[in-house]
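Colleague: I'm new to this one. Can you walk me through it?

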Amino acid sequence: MQILPFYAVCDESGSMSADIDTLNKALFDLHQEISTNPTIADKTRFGLIGFSTDAHELQPLVDLSDLDELPALEASGLTSFGNAFGLLRQAIDRDVQALKADGHDVYRPVVFFLSDGVPTDSDWDRPYQELLASSFRPHIIAFGIGQADRSVIARVATFKAFMQDEGTANPAVALREFAASLTRSIVRSVSGATEAGQGMSLQVDDHVPGFTSVSLDKL
Amino acid sequence: MNAYDNQVPGGGRVPEPGPEHVPSRKGDPIDLAASVYEHGWGPAPAPAPAQGEAPAEEARVVVSGPVVPEGFLPRPIGPGPSAVREPWSADGPTVAESVTAPVAGPGPVVRPPSFREPGPLTHVGRKAPTYPAEPTDIPAISGGDLFGALLPDTVVDGGRFGPVTVRAASVRGDGHRYAAECRQDTALVVRTGELLLVAVADGVGSQSHSHHGSHGIVRLLTRQVARKAETLLAFLRSGAETDFAGLMNRLVAAAAGDLAQEAERAGLPPKSYSTTLRALLVPADPAVPFRGFVSVGDGGLLRLREGGWQNLEAAEGGEDGALISTRTDCLPEAYEHARARLITDTRPGDLLVLCTDGLALPLLKEAELRTWLGERWGREAPGLAEFLWQTQVRVRSYDDDRSVVCLWEAAP
């Protein structure tokens, strides 16, 4: 099979307590929605990492059609971006190698990073750079929730960054649509001779309902 | 054993399509389906026996035996002891039951279930794709692109030429069907004099008008090849590979130039027409064993010989390091040169499979698919409907358009 590893990395620190129910509802709906969207469901494996003071693989990479429900996030503790990126790198390395060993072709992994964007560890850039330097460096799309720091969200993203609009009750539908658009773009062929070496060439809609796109170039 | 005698473990039959009896327009499977539906009946009844003549044996259900012509599996044509339940319609009425069912009185029209011929699409692998197996939304005219909206979901073609029997199909992938987008692939079968040109092309998915590119490049290449058919034929006869490769590169470049001009005349950048291309040239003379091959970009050329698959493009895969790369060379601009060569070791009985990456990738990666298709294609060439059904075998995660041309070399 051709498989796109898809990770949701979610902030469940104490500062997210006001938004954690919304985020859980969003993850629940996202699971329901994308597991029935064949564009995503047939090609992707989904993993969930929660992070606060530490990071945990709440759901190891799985075929969503084999999963009844996702574990819930629980808000507590600090906001260690460094632990999140470190665990994410380990998970990606392990998962991609396992998929390839099983005979699958693997697309470059995609990460949805959702946070209120206030890291409490000052040295998170090192594990972040190690993640980007790894063999299976993922595409990272960062979503700022609640009172997220726009500049931090933009810094984490390698491809797109979005800030949640005030009053957006449930971003699940928006995330699903974005995930479908992103998946289609990733698997579509691109002309190689002209675009090789130019890095990302994904074409996705910049408009995610309920979110405002954050330009990475200006920050 | 013919293509319809495909036994499965347990003694059942693989649900293959039966022989096509309903008149249809060549290359238009949508009309074919409509025709079958209008008749409410797939195969037409067998001709009535002449007076005093015993009913033909073929009019009964006979699944084997010397009276059944090769490749022919008669279906029951009416009530009586011969009407049996086919294994692929176990949930529905027998043919005889549905034909003789009483007509309901006034009320909503309830249509009987279809006969499921040539049978529901099947899949290989642990799970079937999540996508619907058949097309749903019909592509609308988008941005004034009448050409894209007019492209049929599926085309099928075929014929005989010199030593080869040709079957070709181009089928819109699940992904494009689900998004109500048009087919970006195309397949071509054309003859110019004593030369057969078959080709497939795959419009690059990231480009807006790549379906114009794929359909355009095979048309424009045909024009170029037709102008030099005699020369190409001479190179094939003499096995002059260097000359062949040089000329094919010039012809592909000329076709690419024409394609770029078409894009510009349409007010679009040539890049928006980006497409791959794969073509084979076959001389009519069965004494000439050489086949010409040319390609730009990803896709596949495979050979099925004595039940075993061979990848004739082993060094040209699309892997970029450890992960899948979707980058590909493409016409009209993003390529350096076409890869052109002769296939010099063709044997009678070989099958050459020329395909876009929609089929090449699963065929190269999925052993179960190679086995499935190998069992079916390692025989006499199937009928068009059967070939189309086989081409559409489903494999989860492979949802791209598929285009394929198969050349069955005459058996010894």
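Colleague: Which residues does B:A149 touch, not counting residues up to four places away in sequence?

Modeller: B:A149 touches B:P139, B:A140, B:I141 and B:C182. Contact here means that the C-beta atoms, placed from the backbone, lie within 7 Å. Before we go on: this is a predicted model, where local features need pLDDT of at least 70, side-chain atom pairs count only at pLDDT 80 or more, and totals for chains, interfaces and linings use all residues. Residues are numbered from 1 along each chain as its sequence is written, with chains lettered from A and ligands numbered from 1 in the order in which they are written.

Colleague: Where is B:A149 found?

Modeller: In helix α3 of chain B, residues 146–150. Helices (H or I, at least four residues) and strands (E, at least two) are DSSP runs, numbered from the N terminus.

Colleague: How many C-beta neighbours does B:A149 have inside 10 Å?

Modeller: B:A149 has 13, so it counts as partly exposed. A residue is buried with 20 or more other C-beta atoms within 10 Å of its own, exposed with 12 or fewer, and partly exposed in between.

Colleague: And how far apart in space are B:A149 and B:I138?

Modeller: 8.3 Å, C-alpha to C-alpha. They are 11 residues apart in sequence.

Colleague: Let's zoom out. How many helices and strands does chain B have?

Modeller: Chain B has 10 helices and 16 strands. Of its 412 residues, 43% are buried. Among its contacts with a separation of 6 or more, 70% are between residues 24 or more positions apart.

Colleague: What about chain A, helices and strands?

Modeller: Seven helices and nine strands. Chain A has 219 residues, and 52% count as buried. For contacts between residues at least 6 apart in sequence, 76% join residues at least 24 apart.

Colleague: Take α3(A). What should its 21 residues span?

Modeller: Helix α3 of chain A, residues 81–101, should span 30 Å at 1.5 Å a residue. Its end C-alpha atoms are 30 Å apart, which agrees. The expected span is 1.5 Å times one less than the number of residues.

Colleague: Which residues in α3(A) are buried?

Modeller: Among them are A:F81, A:F85, A:L88, A:I92 and A:V96. A:R89 and A:D95 are buried too.

Colleague: What do the buried residues of α3(A) pack against?

Modeller: They pack against β1 (2–11), β2 (44–51), β3 (55–62), β4 (105–106), β5 (110–115) and α4 (125–133) of chain A. Just after α3(A), A:G103 has a positive phi of about 95°.

Colleague: Back to chain B. At what angle do α5(B) and α7(B) cross?

Modeller: Roughly 135°, with the axes of α5 (residues 210–227) and α7 (residues 241–265) coming within 8 Å. That makes α5(B) oblique to α7(B). Axes are lines fitted to C-alpha atoms, for helices over the stretch in contact, and angles run from 0 to 180 degrees between N-to-C directions. Under 35 degrees is roughly parallel, over 145 roughly antiparallel, 65 to 115 roughly perpendicular, and the rest oblique.

Colleague: Which residues make the contact?

Modeller: B:G213, B:I217 and B:L221 are among those from α5(B), and α7(B) gives residues including B:L251, B:A255 and B:D258. By class, the contact of α5(B) with α7(B) has nine nonpolar, three polar and two charged residues. Ala, Val, Leu, Ile, Met, Phe, Trp, Tyr, Cys and Pro count as nonpolar, Asp, Glu, Lys and Arg as charged, and the others, Gly among them, as polar.

Colleague: And at what angle do α6(B) and α7(B) pack?

Modeller: About 150°, with the axes of α6 (residues 229–238) and α7(B) 8 Å apart. That makes α6(B) roughly antiparallel to α7(B). Here B:T231, B:L232, B:F235 and B:L236 meet B:D243, B:F244 and B:L247.

Colleague: New topic. Which peptide bond is cis?

Modeller: The one from B:L331 to B:P332, with omega near 5°. B:P332 lies in the loop between β12 (327–328) and β13 (339–343) of chain B.

Colleague: What phi does B:E306 have?

Modeller: A positive one of about 50°, although B:E306 is not a glycine. B:E306 is in the loop between β8 (300–305) and β9 (308–311) of chain B.

Colleague: Is B:E306 buried or exposed?

Modeller: Exposed, because B:E306 has 8 C-beta neighbours inside 10 Å.

How values were computed
Two residues are in contact if their C-beta atoms, placed from the backbone, lie within 7 Å.
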